[in-house]
Amino acid sequence: MKWPSSRADLLSMLAENKQTWDIIVIGGGITGAGILLEAARRGLKVLLVEQKDFAWGTSSRSSKLVHGGLRYIKEGKFFLTRDSVRERQQLMQSAEGLVEPQSFAFADYQGRKPGRWLFAVGLIIYDFLAGLRGKHYFSAQDFQMLAPHIPAADLKGGSCYLDAKTDDARLVLRVLQEARGAGATALNYLAVTKLNYEDGQASAVVLQDALNEQSYQVKAKVIINATGAWADGLRQQQGASARLRPLRGSHLLFPGWRLPVAQAVSLMHPRDGRPVFVYPWEGVSLVGTTDVDHGADMQKEVAITVEEVAYLMEAMDFQFPQLQLRQEDVIASYAGIRPVIDTGKADPSKEGRDHAIWLEKGLLTVTGGKLTTFRLIAQDALKHISHLFPDHQPDHKVSKLFAQPADLSQEYQLNQTQKSRLQGHYGESAAEIVKIAQAGELDTIPGTLTMWVELRWAARSEAVEHLEDLLLRRTRLGLLSRRGGLALLPRIRAICQPELQWTDERWENEQASYLQLWNRYYALPSSQHQPE
């Protein structure tokens, strides 16, 4: 399903102020997208605005894991774990090809924590809450078949358990697609510059188009602040005190052949005992994550630091010493900011990951929480304002999160993996994508799982306003290919420039800006040059 009308048409609608909105959602990440979908399915008139691109913030820079929160069991948060694993299962069923199972392997070494039996109890509870049963522990010989390249000395065996992974930015776009199908409206590059009030309650927003600087004022019955780690910004405009603790999580990406893992391999970092993992993602191997306070300007891009690179490389050297990985092997890096509620703990990793909802002067702020539970967070948010919409059902349960994807059974030029990918990533639009493919565009781009036609579709139909939107969020080629996909750019230009209707000058400017951005924030940092 394409965007329902052009950006210009949607902005004209805002300028004419003919539409009466029930809800305005501020923030185009997974939380905002989830609220948009749940509200639209209730029949509410809802508008989402995002100051940058959809999924620009945390929701394209997460660890890509749709997990139930195994560590929450240790903290006694059984209900949170239960809700998470159930949502994980629902997502794997509803978005097969986008949210996929991922087995995790955890080695059991003599003298290392956690011990076999303590870990086994946690896994039994974890599977029970998800309605699953399976073998968890394997002998040293069998475990080395599951996780080759780990040290054999002192290896007693190892445990395996099931979670899931996704392309987080594509998950946001799929939720937005479903929301538009239900009648919602969403616009990127439209920033909220001011909240207006009536009788002391937020009743309207002043919007500024980042592309042409035109302003609009739009009213709604309710305004929802779903800006994640940036949520305190709007709250502090009202005089509220900050309640969030922005934490940075950084990651490295290696070629799959250089760091070969079939299972996800988890370990406790030798320096501080924090969990670190590596797993196969989109044709590469993803390593993460760090968990440090982020004190930099929240409006600027975030990047991995020299210290974080060293931390993650140390973990890989510890777990895979025979591979002798070097920084030169890294394809790309990325970092994101987590919206964590500040409870004053000294160790950032000890802060809870629960979501929070605050209603202040008519502004409903929704922040925190996990990627996995975005739908439950959205439903909880809407419960807080259900009294304002008595004619709409407060709890709109659906048997499936997403609509049935297009039927590709007759597309014989695709293999089953490609069919599943298109159906999961694009839902009802999957068949149309196959139809627009030109010669060779159903081929997979080397080193990735992405097909060339996905670039054409994104440029034609998915509100791409800058080249970085195309290469960092609509597709992930900027993370999956060396130097941000520099060698691919001539063919990408041939496919996408006509679809985007960009002049040669516009393309060249966009390409220069993208490469500058990539080199500054997605390449490995040097000790001489650190991002501000």
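## Leucine 455 and its neighbours

Let's start with leucine 455: beyond its neighbours within four places in sequence, this residue is in contact with Ile445, Leu470, Leu471, Thr475, Leu477, Ile492 and Cys496. Contact here means heavy atoms within 4.5 Å. We're looking at a predicted model, where local features need pLDDT of at least 70 and side-chain atom pairs count only at pLDDT 80 or more, while totals for chains, interfaces and linings use all residues. Residues are numbered from 1 along each chain as its sequence is written, and side-chain values use heavy atoms, with hydrogens and water left out.

The largest nonpolar core has 51 residues, and Leu455, Leu470, Leu471, Ile492 and Cys496 touch the most other members. Helix H17 (residues 504–521) supplies the largest share of this core, 6 residues. Apart from it lies another core, with 47 residues, including Val46, Val222, Ile377 and Ala381.

A nonpolar core is a set of buried Ala, Val, Leu, Ile, Met, Phe, Trp, Tyr and Cys residues joined through side-chain atoms within 4.5 Å. Buried means under 20% relative accessible area, exposed over 50%, and partly exposed in between (1.4 Å probe, protein chains only). Helices (H or I, at least four residues) and strands (E, at least two) are DSSP runs, numbered from the N terminus.

## Around helix H16

Which residues of helix H16 (residues 489–500) are buried? They are Leu489, Ile492, Ile495, Cys496, Gln497, Glu499 and Leu500. Their cover includes helix H13 (452–461), helix H14 (467–474), helix H15 (477–480) and H17. Just after H16 comes glutamine 501, with a positive phi of about 60°.

## Helices that cross

H14 and H17 cross at roughly 45°, and their axes come within 8 Å. That makes H14 oblique to H17. Leu467, Glu468, Leu471 and Leu472 of H14 make the contact with Trp507, Glu510, Gln511, Tyr514 and Leu517 of H17. By class, this contact has 6 nonpolar, 1 polar and 2 charged residues. Axes are lines fitted to C-alpha atoms, for helices over the stretch in contact, and angles run from 0 to 180 degrees between N-to-C directions. Angles under 35 degrees count as roughly parallel, over 145 as roughly antiparallel, 65 to 115 as roughly perpendicular and the rest as oblique.

Helix H2 (residues 30–41) packs on helix H10 (residues 374–383) at an angle of about 60°, with the axes 8 Å apart. So H2 is oblique to H10. Here the contact residues divide into 8 nonpolar, 3 polar and 2 charged. For these classes, Ala, Val, Leu, Ile, Met, Phe, Trp, Tyr, Cys and Pro count as nonpolar, Asp, Glu, Lys and Arg as charged, and the others, Gly among them, as polar.

## A buried aspartate

Aspartate 22 sits in strand S1 (residues 21–26). Is aspartate 22 buried or exposed? It counts as buried, because its relative accessibility is 10%. Lysine 221 is 199 residues away along the chain, yet the two C-alpha atoms are separated by 5.1 Å.

Most residues other than glycine have a negative phi, and most peptide bonds are trans. Aspartate 154 isn't a glycine but has a positive phi of about 65°. Aspartate 154 lies in the loop between helix H6 (140–146) and strand S6 (155–166), and is exposed, with a relative accessible area of 54%. Glycine 288 and threonine 289 are joined by a cis peptide bond, with omega about -10°.
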